[in-house]
Amino acid sequence: MSDLDRAIAQLRACRLIPETQVRELCYKARELLIEEGNVVSVDAPVTICGDIHGQFHDLMELFRVGGDVPDTNYLFMGDFVDRGFYSLESFLLLLCLKVRYPDRITLIRGNHESRQITTVYGFYDECIRKYGSANVWRHCCEVFDYLALGALVLGASSELEPTGPALNDTTQSTMPIDSGELETEVLNSKGEVTYSSYRPRQGVPSDVSTDARNISPPRDISSTTGQTPLRSGPPGTGASGEGAGSYSSRTGAVLCVHGGLSPLIDTVDKIRLIDRKQEVPHEGAMCDLLWSDPDEIDGWGLSPRGAGFLFGGDIVKQFNYRNDLSLIARAHQLVMEGYKEMFDGGIVTVWSAPNYCYRCGNVASILELGEDTSNGGTVTRSNGDYERSNGIMTTDKFGVRSPGRRYRVFEAAAQDTRGMPAKKPVADYFL
Amino acid sequence: MMSASQIPNLNTLRRGGGRARFRGRGGADGSLSKSNDRAVQGTDNDASVSRLSAVALGYLQDPFADTVVASGLESRRLPIINRGTYVRTTAIDHLVTQFLSQEPQTKKQIISLGAGTDTRAFRLFASQSPPNLVYHEIDFAVNTAAKVKLIRSTPLLQRALGIERPEDATISDAGDALYTGVYHIHPLDLRSLKRASATSDAAHADSRVHLRGVDTTFPTLLISECCLVYLSPSEAGEVVGYFSETLFGAGDGDAKRSSTGTPLGLILYEPIRPDDAFGRTMVSNLAARGIHLQTLHQYASLAAQQKRLREQGFSGGQAAADVDFIWERWVSDEEKERVSGLEMLDEMEEWKLLAQHYCVAWGWREGSAGAFTGWRGIQGQIVD
């Protein structure tokens with residue numbers, strides 16, 4: 001077992017590695033990242049993840065739900081650190097995995113991967129507390145400066161594969177999914193299905209089957225494949241939902257950024273021109289990509305965050321059309337339902353920190369984009385706006401094709417049953 | 001190499017046990033364990049640490065904030081916590097100011113329930129034009145003793161209260177009560193304050209004796225800054241009834257006549273909305289710490305808070321607003337810009353979520369005077 005594999009094993013157990021090893025790891029990571037462009041090209045299939053924020057045990061839950069590295073190809077859209085109590089363990093594990101499997105995991109920068117923000121939101125203090133000095137914080141910040149600003153997912157399918165990619169499940173179904181186009185299953189932390197919905201392809205209404213139920217024993221998901229042929233994940237696999245955006249290019253790529261768009265950026269190529277190897281500036285294109293939010297407005301608006309901008313559906317539509325994108329995937333905003341598509345599925349927010357700050361009570365999600373093996377399949381899909389429809393999908397309103405999307409929704413790790421720390425994190429309230 | 005069990009829990013080490021001031025509960029409740037009592041003591045300190053954080057960063061001005069925080073316990077809070085501390089404090093300040101500025105020649109009275117480490121009295125008496133005011137604080141003896149001790153050892157606080165010579169203040173033998181002409185600290189379990197029934201004159205007399213220096217003719221403002229919420233609904237109702245009927249009413253226990261008693265207002269600051277995902281998590285997180293917000297489900301919404309005030313005799317008017325609304329609507333654009341500029345607040349969604357789960361509610365009855373006229377113009381949230 002190499003030192004790196006040992007470090008991975010140690011970090012997976014939520015145990016820190018020595019400072020000298022962190023330094024070496026960060027050096028290797030920088031060497032790798034410096035070779036990456038500002039916009040990394042990633043081939044589907046890939047699983048896209050949003051904010052982690054130091055919630056290490058929920059990151060483990062994410063891997064349980066989405067499959068392990070390197071079996072699953074992952075793309076993390078930043079905000080690995082701050083707020084949670086295990087930013088170091090979370091970030092160092094992801095970094096180890098990046099160095100160990102550089103082609104199976106992509107890390108892009110979030111607005112919290114910044115010296116200024118980490119001194120306010122906890123990562124700096126965590127480094128001091130756990131290592132006794134700011135050295136490790138400095139090493140990590142140097143890595144932050146080299147993280148890519150975005151990623152472009154190519155070759156994503158317009159149809160969903162029968163199962164999520166890289167799920168090493170012996171019961172995996174080979175049943176094609178063409179009988180249904182969007183499915184959501186929500187599992188609680190014990191692996192029990194607490195909610196399931198299924199919506200058939202347009203024009204096949206007889207396939208409708210929607211139910212909400214409790215299934216026991218937990219994790220026996222394969223038993224439901226008769227009704228829900230999409231789901232045949234491995235034991236313990238979390239919830240899944242599948243959707244597809246309905247406007248934008250049907251064959252286009254998926255742009256992943258932490259925050260959103262910038263008024264200074266009208267093409268993906270302009271992102272490539274940024275000199276990214278620096279602290280996140282307070283303004284400008286690089287800042288906007290990490291800080292902006294979509295909003296129900298026309299054009300651009302001022303952001304209440306004090307950095308970045310708000311941008312409306314017209315901006316997204318133009319940008320996607322101009323850049324032949326089917327979707328912009330971004331993170332950055334807490335979404336109680338784990339994910340939220342906006343602007344007819346032209347953009348999605350993916351949030352991967354369940355019960356954020358151990359207080360917010362939200363679920364989390366990851367987005368799986370399948371590989372295009374369908375020769376440009378023509379299944380018509382509508383967006384899977386979980387919030388609006390509460391998971392029970394309505395009929396397709398738009399009728400334009402775009403990559404199939406499978407959202408897996410998951411809850412916070414059940415700390416008391418999973419060898420979690422004895423001291424439960426205590427959330428802050430104003431009492 | 002650290003093992004998992006050695007990894008420090010940053011939360012408990014650095015951030016204490018949350019923000020709970022946890023006033024209004026304490027050792028008197030036999031159902032609370034000793035360890036819960038200690039948690040209560042620890043959390044009392046925490047609110048003062050939050051206040052000091054907000055003061056140190058420029059959110060609030062309070063020259064007394066650092067006197068109530070033991071040295072070495074200072075800690076910078078997260079931006080959303082600082083903003084919440086700011087909104088809560090300035091909102092109550094605004095209501096207090098509007099109360100004091102009406103008929104300034106009339107002597108007024110404030111009674112702060114479960115006052116803990118609060119510095120509002122010091123700020124008011126040290127202001128450039130000190131109001132014509134008597135200020136009472138009620139808390140458990142263990143809390144009041146600590147405050148009395150602090151005042152005895154802090155010249156800055158003595159000056160604020162106008163204590164120049166030993167005879168300017170009377171301190172109880174137990175060291176848990178302090179009386180000056182204008183400022184009174186009462187060691188008292190709030191649950192001993194009950195509405196006197198019409199026939200129990202003895203109980204009535206007994207209960208009044210607890211609150212030395214209270215003048216039942218002064219227009220009076222009651223403040224419960226996250227205090228009554230820890231009592232059971234009936235206990236909380238009894239406390240309010242004690243003031244509105246027994247002490248400041250006609251004194252015969254007739255609720256109908258309470259509206260004709262002394263001008264009386266009540267400000268409540270409490271969590272609300274326990275039934276959504278955030279609220280459920282809040283209830284269960286606090287329960288895991290042994291903290292039970294007993295009236296939360298009873299007064300779960302702004303509408304329920306208004307109804308409560310109406311039913312408890314504050315017939316002059318009742319209004320409520322959540323902290324998110326107060327930040328958006330009470331704080332001027334200029335002030336918002338100033339506060340937003342103090343720290344970058346990244347977590348907008350979390351801020352809204354958090355701020356929508358706390359409210360300020362206020363109600364009053366005028367009597368014959370106009371002490372609460374200033375409250376008529378304060379914008380409440382339209383209840384849906």
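This is a predicted model: local features need pLDDT of at least 70, side-chain atom pairs count only at pLDDT 80 or more; totals for chains, interfaces and linings use all residues.
Residues are numbered from 1 along each chain as its sequence is written, and chains are lettered from A in the order in which they are written.

Let's start with chain B. An unreviewed UniProt entry lists B:Arg88, B:Gly114, B:Asp189, B:Leu190 and B:Glu225 under "binding site". These positions spread over 138 residues of sequence, and in space they lie up to 24.8 Å apart between C-alpha atoms. Such annotations may be inferred rather than shown by experiment, and the positions follow the numbering used here, with feature names shortened.

Take B:Arg88, found in helix α3 (residues 79-101) of chain B. Helices (H or I, at least four residues) and strands (E, at least two) are DSSP runs, numbered from the N terminus. B:Arg88 counts as buried because 23 other C-beta atoms sit within 10 Å. The cut-offs, with C-beta atoms placed from the backbone, are 20 or more within 10 Å for buried, 12 or fewer for exposed, and partly exposed in between.

B:Glu225 belongs to strand β6 (residues 220-225) of chain B, and B:Glu225 is buried too, with 27 C-beta neighbours inside 10 Å.

Who touches whom? Contact means C-beta atoms, placed from the backbone, within 7 Å. Leaving aside neighbours within four places in sequence, B:Arg88 contacts A:Phe430, B:Tyr269 and B:Val323, while B:Glu225 contacts B:Ile92 and B:Tyr269.

Conventions. Two residues are in contact if their C-beta atoms, placed from the backbone, lie within 7 Å.
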